[in-house]
Amino acid sequence: MIRRFLRDYGLGVVLAGLFVGSWILQTVSGWVEFVAEQEANGTAPHLFGTAGYFWPWMQATFENWQSEFLQLFSMAVLTAFLLHKGSTESKDGEAELRLQLAAIRLQLEALQGAKPSAQAAQGGSDDA
């Protein structure tokens, strides 16, 4: 059961693990830096409160998310719904290619004096 889950969703599991691992590293390294800063200023480090570590941690977290995660996420979501003609994400490429192939087949049949087949007029087959 677990083996099948990992086979089917391995990419998501690995990416989630990398995300959580990097977030933990960011949190720990930020805390060490915060403690050193507070001790250099002669104050005791606190996790919460107005001068606590929570606020710089939140700022660093959301700066990272805005700069990386939100850019990638918005690009992935937008390409699922919007098109840019000629791009690899564009859904219109294959349909346009099929229409062009059908037109070429019709022209070739006309040049050969053959009667256009119903298959060529409908967009052809995938055997080209």
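Guide: On a 1 Å grid over the protein atoms alone, a pocket is an open set of points where a 1.4 Å probe fits, with protein on both sides within 12 Å along at least five of seven lines, and lining residues have an atom within 4 Å of a point. This is a predicted model, in which local features need pLDDT of at least 70 and side-chain atom pairs count only at pLDDT 80 or more, while totals for chains, interfaces and linings use all residues. Residues are numbered from 1 along each chain as its sequence is written, and side-chain values use heavy atoms, with hydrogens and water left out.

Visitor: Which residues line the largest pocket?

Guide: Its lining consists of Phe-19, Ser-22, Trp-23, Gln-26, Thr-61, Asn-64, Trp-65, Glu-68, Phe-69 and Leu-72. By class, five are nonpolar, four polar and one charged, where Ala, Val, Leu, Ile, Met, Phe, Trp, Tyr, Cys and Pro count as nonpolar, Asp, Glu, Lys and Arg as charged, and the others, Gly among them, as polar.

Visitor: Which element gives the most to this lining?

Guide: Helices are DSSP runs (H or I, at least four residues), as are strands (E, at least two), numbered from the N terminus. Here α1 (2-40) and α2 (54-81) each supply at least two lining residues, and α2 gives the most, with six; the protein as a whole has four helices and zero strands.

Visitor: How much space lies in the largest pocket?

Guide: A volume is the space filled by probe spheres set on the grid points, which are joined across faces, edges and corners; for the largest pocket, this comes to about 180 Å³.
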